[in-house]
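Please look through the sequence and the 3D structure shown here before reading on. The paragraphs after it are meant as a guided walk for someone who has not seen this structure before.

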Amino acid sequence: MTQKQKIALAPWVFTIGFFLLWEVGCRVFHVSSFVLPTPLAVAKAMWEYRTQLSFHSFHTLWMTLAGFAIAVVFGLGMGLLLGSSRIVHAGTYPLLVGFNAIPKVAVVPILVIWFGVGWMPAVLTAFLISFFPIVVNVATGLATIEPETEDVLKALGASKLDIMTKVGLPRSMPYFFGSLKVAITLAYVGSVIAEYNASKYGIGNLMARASADFNVPLLFASLIALAVLGVAMYAVTAWIEGRMTGWAQRSGFAAN
Amino acid sequence: MNDAFVRLDHVQHVYGGEGGVLAVEDLTIAVREGEFAAVVGPSGCGKSTLMKLATGLQFPRAGSVVVGGEKVTRPVKMAGMAFQNPVMLPWRTTLDNVLLPLEIVEPHRSRLRREKAAYVEKAEALLAQVGLKGFGSRFPWQLSGGMQQRASLCRALIHEPRLLMLDEPFAALDAFTREELWCVIRDLHAAKKFTVILVTHDLREAVFLADRVFCMSARPGRIVAEREVNMPRPRDLDVTFSAEFSDIVHELRGHIREARGVH
């Protein structure tokens with residue numbers, strides 16, 4: 001087996017090994033399924049609750065994507081504004097940092113008071129938790145335009161808008177798409193937190209109810225569902241990033 | 001001199017407001033239309049400031065800047081620029097990089113979409129002229145430094161500017177590539193007759209290319225000497241080994257030494 005094949009095989013071996021170890025460990029030490037169910041029990045629970053799990057996963061996916069979409073639009077606009085005006089940047093940055101410092105769990109109760117229990121708090125929490133990295137990245141992309149590039153364009157009589165569309169925007173795209181990977185993960189955290197606290201649907205809500213029932217296998221089944229969904233969303237954004245900004249990933253350092 | 005195309009008259013420029021750095025003071029320089037002028041000087045003498053003043057990227061604290069018969073109050077729209085760093089946009093192919101000025105400068109801007117084919121042809125002809133035939137579809141980061149600098153020259157010239165500003169464009173290249181590019185710019189200038197201001201610290205480069213060489217003093221910069229280079233054109237690289245050539249280089253070196261205050 002070549003080194004390359006070994007590397008290709010490693011993730012599978014380690015993942016399967018992890019679950020095997022878990023299964024064997026639970027059996028050997030007679031761990032109660034109340035504390036830590038075996039992977040087999042979790043798989044059984046996943047099958048048993050498959051309709052509920054898929055229904056609530058779908059709901060969570062929706063909440064996350066809705067919040068994420070708002071964050072993308074808002075983050076891109078805000079980032080462009082911050083990156084193109086130093087006054088706006090200086091003025092709003094402390095506010096943004098301060099706002100970002102608030103743990104978003106703490107915002108959920110306020111959202112519930114405003115909008116009641118339902119989809120609004122989940123979407124808004126997903127949005128609030130995930131827009132910050134997009135803003136910062138887009139603004140950074142714009143702020144780091146080479147002064148020579150700007151001079152070349154200005155000496156041609158280019159307007160600020162010209163410079164923004166010809167250079168600023170394309171230049172900040174790798175930063176933007178890079179930030180999406182972070183943002184989608186955060187949005188996911190946000191929607192699950194909100195569902196746990198203030199929703200009738202979603203994986204978060206399913207977990208809240210499973211926890212009240214001491215249904216530990218279902219809790220773990222939900223966790224697995226969350227993991228699968230999270231990886232899928234991350235993979236999609238990473239794939240989009242690669243497709244959109246191939247020119248920015250030309251170094252062998254990043255590719256290998 | 002009234003026939004000057006670019007004229008800076010007793011110009012003073014300060015960076016960073018009150019108590020800032022005095023970059024140039026009492027700077028007077030006049031460049032004729034179609035002339036190849038070179039500006040040499042010790043590092044930090046305000047050569048780049050001169051470029052920015054002449055293109056309207058900066059405005060003088062005192063004195064006046066006139067380009068093409070008009071006082072400069074905003075960026076002049078007829079200038080092409082090339083720098084030590086070729087600053088190509090990595091998401092555009094080399095051809096699209098060369099076409100960039102046409103997307104900004106009128107009348108090309110409004111024509112570009114309709115007459116794309118003609119413009120592309122023109123850009124490809126220009127690329128061929130600098131030895132980049134067939135490289136238009138490559139991305140700039142797939143080209144060597146020298147090739148990128150050639151493409152950067154094309155970008156500076158595609159809109160047929162009347163004024164070409166070169167800020168140490170060959171400084172980062174190896175000696176052989178540099179001399180090749182001297183010949184490229186020499187031929188382009190001979191063919192198109194635009195006005196060139198070349199800022200450089202390479203005296204041989206200045207003497208080989210220019211009709212006139214201006215020496216600047218250390219900061220605050222001003223012109224301390226001016227030397228006509230009357231060697232006949234077209235000049236071959238061999239002239240760089242002639243006695244006349246080295247005499248001029250020596251003379252300029254003397255001026256620079258004085259300008260730096262080293263005797």
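This is a predicted model: local features need pLDDT of at least 70, side-chain atom pairs count only at pLDDT 80 or more; totals for chains, interfaces and linings use all residues.

Residues are numbered from 1 along each chain as its sequence is written, and chains are lettered from A and ligands numbered from 1 in the order in which they are written.

Where chain A meets chain B, 17 residues of chain A are in contact with 20 residues of chain B, contact being counted when the C-beta atoms of two residues, placed from the backbone, lie within 7 Å. On the side of chain A that touches chain B, the elements giving two or more residues are helix H7 (147–154) and helix H8 (160–198) of chain A, and H7(A) supplies the largest share, six residues. Helices here are DSSP runs of H or I with at least four residues, strands are runs of E with at least two, and both are numbered from the N terminus. By class, this side of chain A has eight nonpolar, two polar and seven charged residues, where Ala, Val, Leu, Ile, Met, Phe, Trp, Tyr, Cys and Pro count as nonpolar, Asp, Glu, Lys and Arg as charged, and the others, Gly among them, as polar.

The largest nonpolar core has 86 residues, and those with the most contacts inside it are Ala54(B), Cys154(B), Ile197(B), Ala210(B) and Val213(B). Its largest share, six residues, comes from strand S2 (residues 21–32) of chain B. Such a core is a set of buried Ala, Val, Leu, Ile, Met, Phe, Trp, Tyr and Cys residues joined through C-beta atoms within 7 Å; a residue is buried if 20 or more other C-beta atoms lie within 10 Å of its own, exposed if 12 or fewer, and partly exposed in between, with C-beta atoms placed from the backbone.

Chain B is divided into domain 1 (1–78 + 163–263) and domain 2 (85–161), with bounds that come from an automatic or database domain assignment. The C-alpha centres of these two domains of chain B lie 25 Å apart, and their contact takes 14 residues from domain 1 and twelve residues from domain 2. H6(B) gives the most to the domain 1 side, with five residues, and by class that side has twelve nonpolar, one polar and one charged residues.

In chain A, helix H3 (residues 50–84) and helix H9 (residues 203–212) pack at an angle of about 135°, with their axes 7 Å apart. That makes H3(A) oblique to H9(A), since angles under 35 degrees count as roughly parallel, over 145 as roughly antiparallel, 65 to 115 as roughly perpendicular and the rest as oblique. The axes are lines fitted to C-alpha atoms, for helices over the stretch in contact, and angles run from 0 to 180 degrees between N-to-C directions.

Most residues other than glycine have a negative phi, and most peptide bonds are trans. Phi of Phe214(A), however, is near 55°, and with 9 C-beta neighbours inside 10 Å Phe214(A) counts as exposed. Glu160(B) has phi near 50° and, with 14 C-beta neighbours inside 10 Å, counts as partly exposed. The peptide bond from Arg233(B) to Pro234(B) is cis, with omega near -5°.
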